[in-house]
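My notes follow in the order in which I looked things up.

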Amino acid sequence: MSPDDFTLSIVIPCYNEKDSIRTIVDRVLAAPVARKEIIVVDDRSTDGSSEILDTQIRPLVSQVIHHEMNQGKGGALRTGFAHATGDVVIIQDADLEYDPEEYPKVVMPVVNGECEVCYGSRFLHQAAKGYKANQIANKGLTWISNRFTHQHLTDMETCYKCFRRDVIQSITICENRFGFEPEITAKVSHRGIRIREVPINYNPRTNEEGKKIGVRDGFRAIYCIWKYRKG
């Protein structure tokens, strides 16, 4: 694909993010990528996010899709990926932890043909931020994942994962919650694809601010690393 003529599909899973969804969409719209397809998947929010999406967000983006039942982040991403039509696809959480200004860092290696999949790492060449327990868990899960995938990642659990569209749409995603992260890493690796990492900035939010991942998701991630070890 041409570096000057590509479309980036941005998939935003949204569940109960009424305080941040408009801000993050505005930031995505302002991101330094010329051609964007923005797909927001509302995962049956109950806090008023759905109404904001329909009244404020829908006119600004390419698609707003509502789930009739809550499926989890993996389920929302599965829906978003299926509707993507751009050359390259990136994931954007609906909170404010990741900055869309950094899209070029993660996207251009894929656009330029340097790799098929690129992850934005919160830990590569920089000090970690956020809860110490979360840092330890993320690094531990990444280490375990690397043992089975033979990748050399520093941040398997990162939100910023960028794919060539044909790659992500050719993979069947089974996990509905945060098990998506080790699942997609394993299935990409099983195809012999080397995942590239680039450093990104990260502004972690607290549990009080709505961070949703928890201890049971960590145990599920370990299970998923084992479950999908063969792709």
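**Entry 1: helix α3**

I began with helix α3 (residues 73-83), which is mostly covered, with eight of its eleven residues buried. Buried means under 20% relative accessible area, exposed means over 50%, and partly exposed lies in between, using a 1.4 Å probe and protein chains only. Helices (H or I, at least four residues) and strands (E, at least two) are DSSP runs, numbered from the N terminus. The buried residues of α3 are Lys-73, Gly-74, Gly-75, Ala-76, Leu-77, Thr-79, Gly-80 and Phe-81.

I note the ground rules here. Residues are numbered from 1 along each chain as its sequence is written, and side-chain values use heavy atoms, with hydrogens and water left out. The model is predicted: local features need pLDDT of at least 70 and side-chain atom pairs count only at pLDDT 80 or more, while totals for chains, interfaces and linings use all residues.

**Entry 2: the core**

Which residues touch the most other members of the largest nonpolar core? I found Ile-21, Val-40, Phe-81 and Tyr-103, in a core of 62 residues. A nonpolar core is a set of buried Ala, Val, Leu, Ile, Met, Phe, Trp, Tyr and Cys residues joined through side-chain atoms within 4.5 Å.

I then looked up Ile-21. Leaving aside neighbours within four places in sequence, Ile-21 is in contact with Ile-12, Cys-14, Val-40, Ile-52, Leu-53, Ile-57 and Ala-94. Contact means heavy atoms within 4.5 Å.

**Entry 3: rings**

Rings of Phe, Tyr and Trp (its six-membered ring) pair if their centres lie within 6.5 Å; planes under 30 degrees apart count as stacked, over 60 as edge-to-face and the rest as tilted. I count six aromatic pairs by this rule. One of them joins Phe-81 and Phe-180, a tilted pair at 6.1 Å centre to centre with 45° between the planes. This pair links distant parts of the chain, since Phe-81 is in helix α3 and Phe-180 in helix α7 (residues 180-190), 99 residues apart. Both Phe-81 and Phe-180 are buried. I also found one aromatic cluster, formed by Tyr-98, Tyr-103, Tyr-160 and Tyr-202.

Next I checked for charges over rings. The rule asks for NZ of Lys or CZ of Arg within 6 Å of the ring centre and within 35 degrees of the ring normal. Lys-161 lies over the face of Tyr-119, 4.7 Å from the ring centre. Arg-229 has its charged end over the ring of Trp-226, at 3.5 Å from the centre.

**Entry 4: the sheet**

In what order do the strands of the open sheet run? The order of the seven strands is β3-β2-β1-β4-β6-β5-β7, with mixed pairing. At the edges are β3 (63-66) and β7 (196-199), each pairing on one side only. The twist averages 20° from one strand to the next. Two strands pair if DSSP finds at least two bridges between them. Strand β2 (residues 36-42) pairs with β3 in the parallel sense over four bridges, and Ile-39 stands opposite Gln-63 in β3.

Helix α2 (residues 49-57) packs on the sheet, touching β1 (8-14), β2 and β3, and its direction makes about 155° with that of β3. Helix α7 packs on the sheet too, touching β4 (88-91), β5 (117-121) and β6 (161-164), and its direction makes about 35° with that of β6. Axes are lines fitted to C-alpha atoms, for helices over the stretch in contact, and angles run from 0 to 180 degrees between N-to-C directions.

**Entry 5: helix α7**

Why is α7 described as largely enclosed by the rest of the structure? Because ten of its eleven residues are buried. Glu-183 is found in this helix and counts as buried because its relative accessibility is 1%. Not counting residues up to four places away in sequence, Glu-183 touches Thr-172, Ile-173, Cys-174, Glu-175 and Tyr-228.

Thr-149 lies in helix α5 (residues 132-149). Its contacts beyond four places in sequence are Thr-185, Ala-186 and Ser-189.

**Entry 6: positive phi**

Most residues other than glycine have a negative phi. Asn-16, in the loop between β1 and α1 (21-30), has a positive phi near 55°. Arg-44, in the loop between β2 and α2, has a positive phi of about 60°. At 48% relative accessibility, Arg-44 counts as partly exposed.
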